[in-house]
Amino acid sequence: MATARDMIVDAMDIESFVLCESEKEAKELIGKLMQSLGLARFVIVSLDFNGPGAHFRVRAHMNKPGDSYTWLKE
Amino acid sequence: MKILLAPLDPVHDAGLKLIKRKLEALGYQCVLLPPDITVEEIGEAALKEKVDMIFVGRTVGYGVEQLFRRVRHVLTVQGVFGKVRVAIGGMAVTHELAQSLGFEAGYGPHTTIEEIHALIERNPELARHITHPVKHKPEFPFPHDNAVKDPTTLKYLDQIVDGILEWTANKTSPGVVRAHITESQLQDVKGSVESYTALPFTRDYLGQCDAAVVDFFQKNICPPSVRQITQQEVDAYNHRIDIARKNFHPRFLQHGRKKPLVFIQYGTGCPMMDGMHIKVAESWGADGVLHFDPAWGARTEGLLDGFLTNAEDGTPVTYANLSLIKRSLDDATLWTVRAHRGLNTPEIAVLAGFLGADLTKINIVYGSICGGTDPARLTVDGVDAIRIAARYKMPFDIPTNEELAGVPPHKAFAGMLIMAQLGRRLGAQPILKPLLCHGPYIMVNELMEQNYVDYNFAKIRALQTLADFPIWPGEPIGFMTHTEEKEQSATTTSLHVALCATLGLDAVTTASTDEAFSRGPITSAGRVGSLRSIEEAFRFFGQTEIAPSARAKEWTEELIVGINQTLKAVAEAPSFVEALYQGILGNKEDGVYPGRAGRNSVVAARPAAPAAAFKAPADTAPRVSSFGK
């Protein structure tokens, strides 16, 4: 039985704003966030730190080209 | 028919005013109640005016369900509900909500007057073109004179093209030989994918291939990062495509404009992922798609075969892969298969032609000085590929991505015009493909410090002054103006599209919002983001145009002078091929140099012998699963 996650074509982006005091801290927080969500295969697509924190978009890869795609399984 | 329009808001009744105006234009008699009325007053007005139907509108979304529940109750008590037809509408109203409350229909903020008309008349056909739009494949490219207008430019171009045709006469190469073998085999099997992939490979074909390709066919060794796709995967994929096709409603981006058509490029590495991205792009309004192959495919003599997926950028060109993608396309989608720059240029043109691709891509100059292929080799192969394109009636576009390496636009455009005139002389249909980019030459010379409009404007106007060929900027537009930030990326793409609309161009190739993201593959959501932004740019600008400053005119004139000076230098060189080696169309100072792949592989042509089938000995490794040739 396919799960909702299985039906994602390629990747899932999470965009938000995290309160922090540096770009480095923002990256650490994003890493912790993704681990806590069980999304180990991730990459930060964009990150813009200023003032209260960072605007970011992080991408969790569900199916990369060449994988055996979850959306092709019964 | 008499219709009562009743706004259930204190002030907002714009929607119903609009509906009133449009329904009256269709011949209906309408009574519009003022805002700030009670539910009871709606029923009283309906009875007094003896209306046939009531539209109750509510703009404010909160509490809408309770409100309409009360509307129904009051109208029922008044003896209106059940006697007079009642529909409801507003920001938070859906058809499902309306039906669950017992109303005839509900209309949301995007409901068209055609849909309301169909509802009133209970005739869905009146809105069929809205609810079930049909997209037809356009005749592309759009009509042009396809002629060089400037006499000086024409004189140099004809001189250069005469030289190219003379130089390539009686010359051939492994790429040309393979193309003819492949074409002959495809003719034998009438283009059947199953029959073609089941063919035994031939000694003649493998004799013209690099060791990696020979190993693939004889020892079942795939290049690194490539694997074979199983039949089970293909079947499951085709099922997914059928589902996508069943639920597909075409979308039109141009807001009434005929052009530019919007293309996206794909080449994730996997034909199945490509196919899914194509379905997403079609569904969000793309008019066409372009196939991109991996870079190693251009530097390797010979093509692989069968269903193959690559874990890196660029989807391997095989007849089976292209057929899988072809099957995925909507009938209205224009399909380009890039052939242009490598050692397999003519053979890819053959595969594309046999599969009915609408377009292909060939540029000897770019491939020679920027794509890594030897100029002599690609001149021979490019001429053959253009002849193939003409034979299969595939217009070919001429990319000028050498600008991204630092070649000045006037040199890149000179090369593009040589290719266009060569194409015309060989009976093909060329399409100019300038870059609208913030390339190195432009950066160093600070030509776009103030804006991205003026110099791009000048580039296109220079081309349009010299010749009337279709123009389709890419690949993609706005190259090097994108950042990894999604909104910025979508915005710059859509503004470049708007500029192309102003310039009257035929098509554009557009990036996803992942254009500047280089640490992973492009995503389907990124394609949606760009296409939605493009749609909004078309909506915003409509038929209005973007005006450049006076600098654009000066730059246009400078570019024209530069193009003609470059063409003169090429015409005066010992040959076109020598001009490429000498760097007249781009040199090391610019950032490019003649390619080496296929060097010394051009040979004198001789009559071709029929291809001899070669079966692998029993003690060698098996052929590639169920396919190979």
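1. On the basis of the note: because the model is predicted, local features are reported only at pLDDT of at least 70 and side-chain atom pairs count only at pLDDT 80 or more, whereas totals for chains, interfaces and linings use all residues. Residues are numbered from 1 along each chain as its sequence is written, and chains are lettered from A, with ligands numbered from 1, in the order in which they are written.

2. On the nonpolar cores: a nonpolar core is a set of buried Ala, Val, Leu, Ile, Met, Phe, Trp, Tyr and Cys residues joined through C-beta atoms within 7 Å. A residue is called buried if 20 or more other C-beta atoms lie within 10 Å of its own, exposed if 12 or fewer do, and partly exposed in between, with the C-beta atoms placed from the backbone. The largest such core has 145 residues, and the members that touch the most others are B:I160, B:L417, B:I418 and B:V570. Helix α19 of chain B, residues 409–425, gives the largest share of this core, namely nine residues; helices here are DSSP runs of H or I with at least four residues, strands are runs of E with at least two, and both are numbered from the N terminus.

3. On B:L417: leaving aside residues up to four places away in sequence, B:L417 touches B:T153, B:L157, B:L466, B:A467 and B:I563, where contact requires the C-beta atoms of two residues, placed from the backbone, to lie within 7 Å.

4. On a pair of helices in chain B: helix α12 (residues 231–246) and helix α13 (residues 271–283) pack at an angle of about 0°, and their axes are 11 Å apart. Axes are lines fitted to C-alpha atoms, for helices over the stretch in contact, and angles run from 0 to 180 degrees between N-to-C directions. The two helices are therefore roughly parallel, a term for angles under 35 degrees, while those over 145 count as roughly antiparallel, 65 to 115 as roughly perpendicular and the rest as oblique. From α12(B), the residues B:E233, B:Y237, B:I241 and B:A244 meet B:M272, B:G275 and B:K279 of α13(B). By class, the residues of this contact are four nonpolar, one polar and two charged, with Ala, Val, Leu, Ile, Met, Phe, Trp, Tyr, Cys and Pro counted as nonpolar, Asp, Glu, Lys and Arg as charged, and the others, Gly among them, as polar.

5. On the sheet of chain A: three strands form an open sheet in the order β1-β3-β2, with antiparallel pairing, and two strands are said to pair if DSSP finds at least two bridges between them. Strands β1 (11–19) and β2 (42–50) stand at the edges with a single partner strand each, so one side of each has no neighbour in the sheet. From one strand to the next, the twist averages 15°. Between β2(A) and β3(A), residues 53–61, the antiparallel pairing runs over eight bridges; A:S46 has A:R57 as its bridge partner, and A:I44 stands opposite A:V58. The hairpin of these strands has two residues between them, and there A:G51 takes a positive phi near 55°.

6. On the contact between the chains: 17 residues of chain A are in contact with 24 residues of chain B. On the side of chain A, β1, β2 and β3 are the elements that give two or more residues, and β2(A) gives the largest share, four residues. That side divides into eight nonpolar, three polar and six charged residues.

7. On backbone details worth checking by eye: a cis peptide bond, with omega about 5°, joins B:F140 and B:P141, and B:P141 lies in the loop between α6 (128–131) and β6 (147–148) of chain B. Another cis peptide bond joins B:G474 and B:E475, with omega about 10°. B:S225, which is not a glycine, has a positive phi near 75°, and with 15 C-beta neighbours inside 10 Å B:S225 counts as partly exposed. B:N600, also a residue other than glycine, has a positive phi near 65°, and B:N600 is exposed, with 9 other C-beta atoms within 10 Å.
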